[in-house]
Each structure stands twice: as C-alpha cells, then as structure tokens.
Amino acid sequence: MQKILPLLFSLFCLFSHALYSQQWGYVTLVARQNTNSVQLLDTNNMVVKQWSNLPGNTGYSAYMTEGGELWRTVVAPGSSFMGGGICGRVQKVAWNGALLFDYTVSDANQVSHHDICPLPNGNVLLIVYVRKTAAQVQAAGATVNQERWTEKIIELKPTGLNTATIVWEWHLWDHLVQNLYPTKNNYQPSIIDHPELLNINYNNSGNRRDWVHMNGIDYNAELDQIVVSSHYLNELWVIDHSTTTAQAASHAGGNSGKGGDFLYRWGNPAAFGAAGATNFNVVHDAHWVPADCPRAGWLCGFNNYGVSNSVSAVDLFQPPWDGTQYTHTPGQAYLPATFGYRHQANGFSSNMSSSQQLPNGNMLICLATSGKIYEINANGDQIWQYSAPASFIPQASRYSRCYLENPLVNVNTPDPAICSGGSTALSITASATNVNSYTYAWSPSDGLSNPAVANPVVSGITDSTVYTVTVTTAGGCTTTASVTVAVFPTPD
C-alpha cells in the first residue's frame, strides 16, 4: 500500500496536468489588418477555411456568428478622418464567400472605427466618431478651442446588401459635465458628484481632436447593457441598451432608470475626480466574460502597459452588480479597488490586442503589434501559439466546431397553424452553408402521435400539441425548433 499510494498520486498528477493542458475549441479566427483575406486556423495552425479577395481591407475587428457567418470592419476609401482604427464600412460574409451585407458609415462629419459587436437579433453595434466644431466644443464647456471628435454608438439593422436602418443610437455628447463655466452647457459645480457623466475637460493635454478614442465594444444580452473601452481615458464604461434612442439622449428611462448615463465606470477614478489607483494604462477590448466560462459576468480589458513599458496584461474584475444596479458610494471610486485576476502577457503590444476567456478555463490572448496569438490553460501555462510577426492582428477569437456548423433552423406550417379535420403538414428548412448533411427527428410534446419520420416533412397530424424537430449535422452538432399546432374537428 505504501508503494501504491505514491504511484496513484503520480498518476493523478499526470491526469490532472493533461486535463488542464487541453486546448479548447476547433478554429481561431485570424483577420490581419489592412488585408483582404480572413483565415480560420485549427489548433495545429493549419488553414481549414479562408475567405480571399474580399472587397476591401480589414480595418480592425472580425467575428464569426453562429452558423458560420463572418462579420468584419473594412477600411472605406477617402475618409475625412485620419488616425488608427479608422474603418468606415462593415460587412457580413457567408461561409461560401457570398457578400450578405456591405454598409458604409463615412462622410464629412462621421466615420465608424475600431470595433463592432454583432447582436443576437441579427443587428450589429458600431462605434462612430462624430466631428464637433470648435464653436460646439466651446459651448459644451471645454477649455480648448478646437475641433473635437466625440463618440456615438449605433445599432444597424441590415435591410439589404447596401442598406440598413439605425434602430438605436447613443451619443457621448449628451452625457458630459464641466464645472468651470456656469453660463455654458453641462455645468455642475462638482465633478465627483456626477460620475455618470464625462468631464469634458479631463485629459486635455496635447489638445487631441480624438480625446476619447473608444476601441472596444461588447453586449450583455442578459443585462441588455453595453460596455466600451476608452484608450485615452483608461476606463471601461457600461451603458443601458434597453432605452429608446430618445431615452439614451437623456438621464432617465430604460431598465436602469438612468437613460444613457454611465451605469458603471472603472479603471481610472481620476477621470471623475475620485481617489484611487489608475488600473488601466492604455486599455482595449472591453468585454464581459461569457456565461459558460469561469468568472462569468466579470468585466475584462486588455491592459497594454499594465505591467511595464514592455509587458502587457489581461485584467479581469468583478463589478459590484447586485442584480438590479451597480452599487457605488458617492464621492468614491467604483469598486473593486483593483483587478481580481491578472494574466501577465507572454510579451507586449503597445496598441490594439484582445483576450477571450474559454469555457474550460483556458484563455486566448492576441498581442496585436507582435503578431502573436497564444492560448494558456487554467494554470497559466502556454499550450498553443501562432505567430505572424510581419502582420498586425488587432484581435483574435476561438470557436467550437458546433458553433460554426449549427444549422439555422426554421419550422414552417400552413398559415394559420390551426388546422381542421386532422390533416396538415409541418415542414422544416435547415440551412448552414458550411455543412450539407442533416438528419431530422420529430418529437410531439403530448407523446400520443409519434411521426416516425427522419425527413423534413411531417403530415397526417391529428393531435393538438407542440412539435419539436431536432436537426443534427454529420459532425454531431444539433439545433432544435418548435411549433404549436391546434387541431379541431371539421365543422358540420
């Protein structure tokens, strides 16, 4: 027994190491800046999918949505704005390369830039610079007398290949504060008493036109909230997306009751006059940790100079959300005082960059200016790496096979789905352009009639019940959809 126990312990340690060293997912999305191709690499760094000769060069970010569609930002030619991260276009591309959506947000007074966030409803959020004249800046209570670029967020609903409707928008310019000029706009005698607003006169050194420089955006569907990151102000801001556009321009309304004001801010208390550590030193990639990952609901930012002038960091922290609001003591910095978890990066990126927290506790890190992407396990050990030192890769994301292959399922019935005489048919349409083979299994909720079919169509229904179809791809990925059918006797 004395010899067996050490052996068992050694085997347990080896098993644990293997468990915690396992890579997660199927492919990594790599979209090199200023190129017109996008790749999916497997964990052996082999290209398993490539979109080539896309119309326009990638401006900053790219994402896959469930079912295998690619969203990316694109550089629009002839922009009147100059600077890093300028885009001006957003595109959606099918798995087979077909261009599904190509929309431009670029004119003399505005341009989209940096990040986007595809939404569950099929819409997309964009960050947009908005030009303000020197006269407008002065009227807003700024100490500088020059043109400035403020920020707005728009939600686009695609309506055609090159058309869209703005269904929601938020303007930073509606949520400013200043304490220097009582006769001008946005005046409040105390900055620290209004952390829900941005001090227009904070960080005026250098007289930058682009004095905020938002660069990352994410959406939390459960909370219906948005988080963004600001490069020059070293903060993350959370705002309410449940508002109408009119409410977003005010200080009331929405689930929070605060309109478009900041619900929470973190990273640099000095920005609203509070004492406390400046936790971010150039921040990118604001996002929530997903619900299926350890530390779910925490906020995260890539801290470019977080450790030193040559070592970056990924910092995660748990916001003080009590289930209904972010708690805050007036006159003080928002909690927590510092990050709850830090990954000291295996390298440095002076700009851009991202991280992704994965369901098994691993993390994917992209060092943009180094052209390096790597994965660490829950112990912090590096277990995978990809390098493209000749290219800037602003962000990278890892996806599972089923996320990409999940068929997009629709159940179609005669209109109306209330049938007489016990005779109707249900039909199923499954589409996922990256896979071609499906099986179908139907399950009525009442358990009485059980159509024994393995094809898209069910007929001869005699019971009022809910019919659910499970569609399974050849790779074993499944999606379900349901429809309620009410069957009545044929009238005399």
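This is a predicted model: local features need pLDDT of at least 70, side-chain atom pairs count only at pLDDT 80 or more; totals for chains, interfaces and linings use all residues.
Ala164 touches Phe101, Tyr103, Leu156, Lys157, Pro158 and Thr159 when residues up to four places away in sequence are not counted, a contact being heavy atoms within 4.5 Å. The residue lies in strand S11, which covers residues 164-171, where strands (E, at least two residues) and helices (H or I, at least four) are DSSP runs numbered from the N terminus. At 19% relative accessibility Ala164 counts as buried; buried means under 20% relative accessible area, exposed over 50%, and partly exposed in between, with a 1.4 Å probe and protein chains only.

Residues are numbered from 1 along each chain as its sequence is written, and side-chain values use heavy atoms, with hydrogens and water left out.

## The chain as a whole

The chain has four helices and 33 strands, and of its 492 residues 51% count as buried. Among the contacts with a separation of 6 or more, 53% come from residues 24 or more positions apart. The accessible surface of the chain comes to about 20,800 Å², of which 52% belongs to carbon and sulfur atoms; these areas come from the Shrake-Rupley method with a 1.4 Å probe, and for residues only the protein chains shown count as cover.

## Aromatic rings

The structure holds 16 aromatic pairs. Rings of Phe, Tyr and Trp (its six-membered ring) pair if their centres lie within 6.5 Å, and planes under 30 degrees apart count as stacked, over 60 as edge-to-face and the rest as tilted. Because the planes of Trp51 and Trp95 stand at 85 degrees, with the ring centres 5.7 Å apart, this pair is edge-to-face. Trp51 lies in strand S3 (residues 47-51) and Trp95 in the loop between strand S6 (88-93) and strand S7 (99-104), so the pair ties together parts that are 44 residues apart in sequence. Trp51 is buried at a relative accessible area of 2%, and Trp95 counts as buried at 15%.

Phe81 and Tyr129 form a stacked pair, 6.2 Å centre to centre and with 10 degrees between the planes. This pair also links distant parts of the chain, since Phe81 is in the loop between strand S5 (69-75) and S6 while Tyr129 is in strand S9 (residues 124-132), 48 residues apart. Both Phe81 and Tyr129 are buried. Elsewhere, ring pairs link Tyr264, Phe272, Trp321, Tyr326 and Tyr334 into a cluster.

Charged side chains are also placed over rings, as the table shows; the criterion is that NZ of Lys or CZ of Arg is within 6 Å of the ring centre and within 35 degrees of the ring normal.

| Charged residue | Ring | Distance to ring centre |
|---|---|---|
| Lys49 | Trp51 | 5.3 Å |
| Arg208 | Tyr232 | 3.9 Å |

## The disulfide

The structure holds one disulfide, a disulfide being a pair of cysteine sulfur atoms within 2.5 Å. It joins Cys402 to Cys477, with 2.1 Å from S to S, and with -85 degrees about the S-S bond the link of Cys402 and Cys477 is left-handed. Cys402 is in helix H4 (residues 401-405) and Cys477 in the loop between strand S32 (465-473) and strand S33 (478-488), 75 residues apart. Cys402 is partly exposed, with a relative accessible area of 31%, whereas Cys477 counts as buried at 1%.

Ser355 lies in strand S22 (residues 354-357) and is buried, with a relative accessible area of 6%. A polar contact of 3.1 Å joins the side chains of Ser355 and Gln357; such a contact is a pair of N or O atoms within 3.5 Å, of which, within protein, one must be able to donate a hydrogen and the other to accept it, and residues adjacent in sequence count only if both atoms are side-chain atoms. Leaving aside neighbours within four places in sequence, Ser355 is in contact with residues including Asp285, His287 and Cys300.Most residues other than glycine have a negative phi, and most peptide bonds are trans. Asp285, in strand S18 (residues 283-288), has a positive phi near 60 degrees and counts as buried at 7% relative accessibility. Ser353, found in the loop between S21 and S22, has a positive phi near 90 degrees and counts as buried at 0% relative accessibility. The peptide bond from Leu335 to Pro336 is cis, with omega near 0 degrees, and Pro336 is placed in the loop between strand S20 (311-317) and strand S21 (341-344).
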